[in-house]
Amino acid sequence: MLQFSGQVYAQESAEKVVASTDVEATMKSMSFTYRQAMQAADPKAMHSMVDKLQQLVSSVQVVQFEPKRQTILQQGLQEVQTQLNLVQQSLGASDIKKAKQQLQEVIALKKQYHKERSPSIWRLLFGSE
């Protein structure tokens, strides 16, 4: 049975999901794969790219971040996986137009949570609490 779910990756044993050793490089790879998915002309090609995105997100989900940001960053990664699940569902129904619209939501999540990964100079100076 084929499941179009990012949760499949998150539920795999730790041996199958390898933690990213370079989160920045993984994020760049995610950006490149996202662009490829958006350029895909058919559901099968796009499915392959979204599948790769889900694997990349999973590799970052097992990374231990700074304790103050761990919860919020994991929440963001889970929201990305949830959105990618919706994309996969649309692709399963061969609705590439809807899948691309849903995939665009990943960029909004990226912008939202990227601020947490890279705090502003003011936040570094004065703290968040």
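Reply: Buried residues make up 37% of the protein's 129 residues. Buried means under 20% relative accessible area, exposed over 50%, and partly exposed in between, with a 1.4 Å probe and protein chains only. The model is predicted: local features need pLDDT of at least 70, side-chain atom pairs count only at pLDDT 80 or more, and totals for chains, interfaces and linings use all residues. Residues are numbered from 1 along each chain as its sequence is written, and side-chain values use heavy atoms, with hydrogens and water left out.

The accessible surface comes to about 8200 Å² (Shrake-Rupley method, 1.4 Å probe). Carbon and sulfur atoms hold 55% of that surface.

The protein has six helices and zero strands. Along the sequence the pattern reads α-α-α-α-α-α. Helices are DSSP runs of H or I with at least four residues, strands are E runs of at least two, and numbering starts at the N terminus. Of the contacts with a separation of 6 or more, 68% join residues 24 or more positions apart. Contact means heavy atoms within 4.5 Å.

Now the close look. Helix H4 spans residues 67-92 and holds glutamine 70. Glutamine 70 has a relative accessible area of 16%, so it counts as buried. Beyond its neighbours within four places in sequence, glutamine 70 is in contact with Val63, Gln64 and Phe65.

Serine 94 lies in the loop between H4 and helix H5 (96-117). Its relative accessibility is 54%, so serine 94 is exposed. Serine 94 is not a glycine, yet its phi is positive, about 60°. Most residues other than glycine have a negative phi.
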